[in-house]
Amino acid sequence: MKGWLITNAFLHTHKFTEIHLWLTEAAKKLGVDLIIKTNAEVLVLLNSDSTNVEFNNIKERPDFILFWDKDVRLAKYLEIKGYHVFNSSQGIAACDDKSLTHLYLQSAGVKMPRTIVAPMTFSNIGYTKLDFLDRVEKELNYPIVIKECFGSFGQQVYLAGNRQELIDRVTDIGAKPMLFQEFVQSSKGKDLRLQVVGNQVVATMYRYSDNGDFRANITNGGKMKPYEPTQKQIELAIQCCKILGLDFAGVDILFGKNQEPIVCEVNSNAHFKNIYDCTGVNVADSILAYIIKRICIGNK
Ligand SMILES: Nc1ncnc2c1ncn2[C@@H]1O[C@H](COP(=O)(O)OP(=O)(O)O)[C@@H](O)[C@H]1O
Ligand SMILES: [Mg+2]
């Protein structure tokens with residue numbers, strides 16, 4: 001069996017290349033030839049009759065594509081060309097934009113923090129008035145969580161303690177899409193990461209910050225512990241993946257009052273080095289085994 005691992009041509013940090021290596025090694029263990037192709041090699045080439053992606057002399061047709069990138073236009077293109085893409089372009093797009101994730105989950109009644117999506121503006125205009133912040137203040141109490149819709153590792157997630165901090169942050173973010181969110185006080189500095197593959201939670205870690213940061217991300221100095229999820233937490237994580245059309249994902253869950261699970265976000269291309277270090281579960285193995293099973297069933 002042959003597969004392509006689509007990666008981003010412009011992301012070269014160890015954090016990403018390490019994941020690519022884990023995935024190709026997991027494939028090798030299962031007898032699958034998983035070849036890395038970047039999104040700059042497999043360009044979206046429209047107006048072509050061929051069912052193969054013919055570019056840079058790429059003529060072979062892989063049995064599946066493991067899409068480890070956010071280039072959803074390319075993912076969509078490959079789906080149109082008839083390739084079996086994991087995760088789907090729609091699933092990746094629904095996770096990449098945190099406001100879209102919340103919209104999809106909301107329509108299915110999933111419990112999330114109270115959220116307001118900032119009105120869209122244009123990069124050459126920005127926010128010429130900020131009166132919508134009056135509504136934000138009325139609906140959400142300080143401190144208010146502000147998130148850029150596109151971001152990861154906690155790096156585009158902020159907390160505003162008062163109106164001035166809110167204005168400063170919004171001004172700083174500029175015209176980029178963002179959302180405002182209720183701060184789940186009972187989850188301050190702690191959350192859960194559940195890794196789902198297929199319809200199963202294969203590993204879970206409890207993340208906590210002991211440096212006063214409200215974000216539990218390991219990249220922000222958070223610590224981790226293996227965790228035995230409750231049935232409710234498991235069901236919620238799997239439900240999110242079903243709603244968003246994901247084959248696998250890292251689901252972040254907050255602790256509401258009385259430990260009620262509240263969905264924070266869903267990551268279609270969740271990094272799995274930390275969860276391996278924490279739990280010993282190699283998520284790359286689970287993902288490849290799942291894909292192979294799916295392809296074999298499809299071929300029967
Ligand atoms: N509404 C919230 N209330 C409390 N903590 C939050 C909230 N939203 C996010 N956090 C904390 O911030 C971290 C980063 O937020 P998240 O939405 O997961 O963004 P990222 O994609 O950067 O990981 C979470 O893991 C959690 O610890
Ligand atoms: Mg997160």
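The model is predicted, and local features need pLDDT of at least 70, side-chain atom pairs count only at pLDDT 80 or more, and totals for chains, interfaces and linings use all residues. Residues are numbered from 1 along each chain as its sequence is written, chains are lettered from A and ligands numbered from 1 in the order in which they are written, and side-chain values use heavy atoms, with hydrogens and water left out.

Gln233 belongs to helix H7, residues 231-244; helices (H or I, at least four residues) and strands (E, at least two) are DSSP runs, numbered from the N terminus. With a relative accessible area of 3%, Gln233 is buried (under 20%; exposed is over 50%, partly exposed in between, with a 1.4 Å probe and protein chains only).

Asn39 sits in the loop between strand E2 (33-38) and E3 and counts as buried, at 9% relative accessibility. Not counting residues up to four places away in sequence, Asn39 touches Ile6, Thr7, Asn8, Ala9, Phe10, Asp69, Asp71 and Leu74. Display the polar contacts here (pairs of N or O atoms within 3.5 Å; within protein, one must be able to donate a hydrogen and the other to accept it, and residues adjacent in sequence count only if both atoms are side-chain atoms): a polar atom of the Asn39 side chain lies 2.8 Å from the backbone nitrogen of Ala9.

Thr7, one of the residues that Asn39 touches, lies in strand E1. Thr7 is buried as well, at 4% relative accessibility. Beyond four places in sequence, the residues that Thr7 touches include His20, Ile36, Lys37, Trp68 and Asp69.

Now colour E1 (residues 2-7) and E3, which run parallel and are joined by four bridges; strands pair if DSSP finds at least two bridges between them. Leu5 has Leu66 in E3 as its bridge partner. Between E3 and E4 the chain passes through helix H2 (residues 72-80), a right-handed β-α-β crossover (with the strands pointing away from the viewer, the path from the first strand over the helix to the second runs clockwise).

Which way do the side chains of E3 (residues 64-67) point? Phe64 and Leu66 point one way, Ile65 and Phe67 point the other way, and all are buried.

Most peptide bonds are trans. Select Phe86 and Asn87, which are joined by a cis peptide bond with omega of about -20 degrees. Asn87 lies in the loop between E4 and helix H3 (89-96). A cis peptide bond also joins Tyr142 and Pro143, with omega of about 0 degrees. Pro143 is in the loop between helix H5 (132-139) and E6.

From E6, display the open sheet of four strands, in the order E5-E8-E6-E7, with antiparallel pairing. Strand E5 (115-117) and strand E7 (157-160) each have a single partner, so one side of each is left without a neighbour in the sheet. From one strand to the next, the twist averages 25 degrees. Strands E6 (residues 144-148) and E8 (residues 178-182) are joined by five bridges, and Lys147 stands opposite Leu179 in E8. Helix H6 (residues 163-173) lies across E6, E7 and E8, at about 150 degrees to E7 (axes are lines fitted to C-alpha atoms, for helices over the stretch in contact; angles run from 0 to 180 degrees between N-to-C directions).

**Last stops: the ligand and a loop**

Select ligand 1, which 23 residues surround (a heavy atom within 4 Å), the closest being Lys98, Lys147, Gly154, Asp191 and Glu265. A polar side-chain atom of Gln181 lies 3.0 Å from a nitrogen atom of the ligand. A backbone N or O atom of Gly151 is 3.3 Å from a ligand oxygen atom, and a polar backbone atom of Phe153 is 3.4 Å from an oxygen atom of ligand 1.

Finish in the loop between strand E12 (248-255) and strand E13 (261-267), where Asn258 is found. Although not a glycine, Asn258 has a positive phi of about 55 degrees, and the residue is exposed at 80% relative accessibility. Gln259 is found in the loop between E12 and E13 too, with a positive phi of about 65 degrees and a relative accessible area of 51%, which counts as exposed.

Methods: Contact = heavy atoms within 4.5 Å.
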